[in-house]
Structure formats: C-alpha cells, structure tokens
Amino acid sequence: MGINFAGVPQLEISGASGTTITLRHAEMTDSSGHIDQRNINMHLRPRNARDVIQTDVYILNGMGKEVFVPAFTYHGFRYIEMTSNKSIDISKVKLSGLRMHSDVELAGTFKSSNQLLNDIFSICQNSYLSNLFGIPTDCPTREKNGWMADGFMVQEAGMLNYHSASVYAKWVKDMTDAQEANGDVPGIVPTSWKWDSDWAGPVWDAAIFIVPSMLYKYNNDLESIRNVYPTAERYLKYLTTIENEKGLLTDGLGDWLYYKAITPKDFMVSCYYYWDNILMERMANLLNKPDDAKLYAAKAAILKEKINNHYFDAAQLSYANKTQLSYALPLYMNIAPEHQRESLAKKLNEMIAANNYSLDFGFIGSLIVPEVLSQFGYTETVYKMVTKETLPSWGYWIKNYEATSLFETWDVGRNIGDASRNHPSMGAIAAWMYKALAGIQMNETAPAFKKIIIKPAFIKDLDFVEASHQSLYGLIKSSWKRIGKTVQLNITIPSSCTATVILPNQPAKQVGGGIHNFSFNE
C-alpha cells in the first residue's frame, strides 16, 4: 500500500458464487515476500478459530462486479495478502486501501532543507493520525488502547499539526468516568475490567493533569479543567495513601522501551507526583480556587525538597543514576535547584556529545530530553541526535526499514514479536521542530498564542526552515533561509496578537499583527 497506515481494504471483484476471499493485513513481510504477522499475533492469544484480528473474509454472490469494504472495524497495515478457495480472474480484481482516522483538519506545516528531518516529521504525522479514533491509541493493530502516557506524550505535537482538541476534551471525560472508588485511575482509558492497567502507575496517570493543561494552553479550554478537577483531587488524595516512608512513590512504569539506559522508576514516579501537584496548583488558580492552589503548591514544595534530598548528588552534580533522562527530568519540571540548572544542562549536553550524539531513552525521554536541551540553548545537539541514521534513532528506522510510520521501540529487530510498526509515542519530536527549529513558541502568560515568541535556532547544517500553525487567533508563520552569510527571517502574526522576536546577539523586538521581515549577518 506504500505506507503503513490505519484503515480498511476496498475490494472490487467479480467471480463465481460461493467463492471465499480472505484478506490478511500486516505491517511487514518476511524474507520470502509473504506477509509477516508475528508482531501482532503474539498478543492475540486466540481462544478459538474465529478469534482473529487483521483479517477480513468475503463470500462472493456471483452477480457481477462486487465491492467489499468491511464495516465496524479498522486495521493497521502496509501489506494485504489475498487468498481464494477457488480460481479467480486476477484481471477482475482491484484491491486498494482506505485510510481512516478521526476527522481532524490540518493545523500546521513544517519543511526544512534536510530531507531526513522532513521524513521524520511525516512519519510522526502518519502515526498520529493512524492512532486517532475518537481517542488517542497506542497502535491500530493488536491493542487499539488508550494508554494514557502514549496519548499525552504526543498531544502537543498533535495539536500543533491538527485541530484535534475535541478528541482530547472527550478523552478527559473518559478519564473522569474511569476513576476507581479509591481514587486511582487506570493506565488505559477507556478501560475494561478484563484488562487491569492500574499497574501502569503515576507517570501514565499524569495524563489527568497534563491533557487538560495542554488543552488550556493551546485552546484556552477551561471546561476540561473544570471537568477533571474533582477527579484530580481524589487522585492526589489516593497518592498520599501509597507514599513510602520517605514520602515519595515507588511503583509504576518508567521510561517505557528505553534503549539501554534504565532511569529508575521510583525517581520518575516521584517526579511526576511533584509535577501533578504543580499542574493542580495551576488549575486551581485558573478556577479561582486560591486556597486549593496554596495547598498544592505547599505539597509540591515538600516533594521537591524530598526528591532533591534523596536523588540529587550535589558533589557529582547528578540525579539518580546519571542517565540522559535523569538529568533532563528535574530540569523539565523545575525540580533542580535554580543556581545549578545551567550546570546540569551543560552536563547533559556533554554526556550526549560524548555518546557520539546518540540518544539513550524511551517514550518519556523522547519528549523531555530534546525539550530541555533546546530550552538551555543546545538545539545543535538535539539536531545532531535527531538526524542520526544509526541505532538508536528515528533515521535508523527510515534508512534500515523504509519506515513510513513511527515504531514502538528503537531496536525494532531485536524482539520482532513485540514491536508495533505504527506507534505514535516517539512522535513528540515533531513539536520540537515547530518550537525549536522554526521558533514558534507560546508566551504562556496568554494561552492559545495570544502572545507569541518567535525564537528560531539557526542550525548550521540547515539552509532553510518553514513552518506554520493555524492558532485560534489566526495563522502564524515562521520561515528562515540562508543567502550567503545572511539569514533572512519572515514571520506572519495574527492581527489581534503580539510577538516577541528573538534573534542571535540582538535585543528582543516587539511586533504586532502582520507580516514582518528581519535579516542579520552570521
């Protein structure tokens, strides 16, 4: 089918009555060219012969040309195998694929002079849409589950690329419905009593704070915060009942499907416990609940102190076990002591440079590490990391597997039976392209891009970057290109918005709505 996507087949065929056509769908082929469903089948655990997925069966009526499109289902596939129990005239067969996803309009565009970067952006978009079916899901094949961290990891990238806010607003309501009597929430929403996902833990559960906060940030949506607030209150009370003797947390999933470096789960879940309280304080203030806000701010302060006392080594200037994510997470969440933040970011940058600019993290790190590095001025490092073609990297998937979608794990060939070929979870890097390379950023004192920051990183290896985002207030554009030793920047700002433009070695410039052009010599 050319690309790996979510949808259904459309079969146009003529043949004898009673002919049975079987269509089997797969994301990959084996060495002989036949479809390979190993990465799907190991999760099916069939109970009987009818308990199958990724398969459609059609019996011809024999009355001329027939068109078959399966209803009430969708598959994830790049390849289709068609078999018949009787001989058929292949000239009377036409098989095509119909792409399916929630009806969301395009909101953003990105293009650069680096084709690999463009290809990575494209596979991020494809996997996002392939996993948007009323809720954000993990894969369109074996599970189709609303894993909460998988969803919030790519929410910002998704909302920069598509007008998908209504999907997340609906998902927030699902979260409130899924809360259990003790205040805990499952790691999968919507959930089923047949599949316990409570063990996913606080990093996954953080979606009940992150998703409505991001809806407010990008869509000025207060209603989702109102909807989730009682749920979030009960959940934070629940977390106090599972604290250990240090007042921190210990259990749950961490940086899922890391490459080699294992960031300690107890460190991560405790950091997200802190982050929950920070986001809850912000939500309380937005809902004009100042007393609540003070309580959550106080709890966050206590947790910050405990985390730093237990996990921060001031002498070594490190957190936990010194992984890339161990350095980045406390910087991302503002847990690290203010006077040591720059030094910690420098050490993170040096660590990645010493690792030949190779990443070493999983789902969570794929959002956090690039974001932190660019925040502290190390976007060149992120660029080198993102555009690598060796394992582990996005480029490795494209170069070695001709990937047209994001994979579930970096080393996808190591355990072939447990690796989805269409997983959106590593797709936060698309947001980094908008925010760091094109420099389209938000002044968070005014949601929905009412106040804009334009701060591109003029990467030496790039000749141009072009990006746009259709915000609530109108179209935002940022494009820059090199002409000799001169860099030209052209921006478009919505008429009712203002922007701060930050260029290298120049004072910040304030502009209003309209088209603005800038240039400087390198």
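1. Let me start with a charged cluster: a network of salt bridges links E156, K217, E371, K435 and E444. A salt bridge here is a side-chain nitrogen of Lys or Arg within 4 Å of a carboxyl oxygen of Asp or Glu. The structure holds 15 salt bridges. As background, side chains of opposite charge can pair when their charged atoms come close.

2. A word on ground rules before going on. This is a predicted model, in which local features need pLDDT of at least 70 and side-chain atom pairs count only at pLDDT 80 or more, while totals for chains, interfaces and linings use all residues. Residues are numbered from 1 along each chain as its sequence is written, and side-chain values use heavy atoms, with hydrogens and water left out.

3. D36 and R38 meet through their side chains at 2.8 Å, N to O. D36 is buried, with a relative accessible area of 7%, whereas R38 is partly exposed at 46%. K246 and E245 also form a salt bridge, at 3.4 Å, N to O; here K246 is partly exposed at 36% and E245 is exposed at 69%.

4. The third pair sits within one helix. Helices (H or I, at least four residues) and strands (E, at least two) are DSSP runs, numbered from the N terminus. D174 forms a salt bridge with K170, with the closest N and O atoms 2.7 Å apart. Both residues belong to helix α5 (residues 165-178), where they are 4 residues apart, about one turn of the helix. D174 counts as buried because its relative accessible area is 12%, and K170 counts as partly exposed because its value is 38%.

5. Which residues have the most contacts inside the largest nonpolar core? They are Y272 and W394, in a core of 152 residues. A nonpolar core is a set of buried Ala, Val, Leu, Ile, Met, Phe, Trp, Tyr and Cys residues joined through side-chain atoms within 4.5 Å. Helix α9 (residues 265-286) gives the most to this core, with 13 residues. A second, separate core of 11 residues includes F5, I21, L23 and Y58.

6. Contact means heavy atoms within 4.5 Å. Leaving aside neighbours within four places in sequence, W394 is in contact with I120, L359, S366, V386, L406, W410, M426 and I429.

7. At the other end of the chain's numbering, I3 is found in the segment before β1 (5-13). I3 counts as partly exposed because its relative accessibility is 32%. Not counting residues up to four places away in sequence, I3 touches F77, R78, N126 and T404. I3 and Y79 are 76 residues apart in sequence but 8.7 Å apart in space, C-alpha to C-alpha.

8. UniProt, in an unreviewed entry, lists residues 439-512 as "domain: Alpha-L-rhamnosidase C-terminal"; its positions are given in the numbering used here, feature names are shortened, and annotations may be inferred rather than shown by experiment. Over residues 439-512 the chain is 0% helix and 54% strand, with the end C-alpha atoms 17 Å apart.

9. An open sheet of 4 strands runs in the order β13-β14-β18-β19, with mixed pairing. Its edge strands are β13 (440-442) and β19 (509-511), each pairing on one side only. Two strands pair if DSSP finds at least two bridges between them. Strands β14 (residues 451-454) and β18 (residues 498-501) pair in the parallel sense over 4 bridges, and K451 stands opposite T498 in β18.

10. Finally, some backbone geometry to check. Cis peptide bonds join V189 and P190, with omega about -5 degrees, and L391 and P392, with omega about 0 degrees. P190 has its place in the loop between α5 and α6 (202-205), and P392 in the loop between α14 (379-386) and α15 (394-401). F72 has a positive phi of about 60 degrees although it is not a glycine; F72 lies in the loop between β6 (66-68) and β7 (75-77) and is exposed at 89%.

Terms used. Buried means under 20% relative accessible area, exposed over 50%, partly exposed in between (1.4 Å probe, protein chains only).
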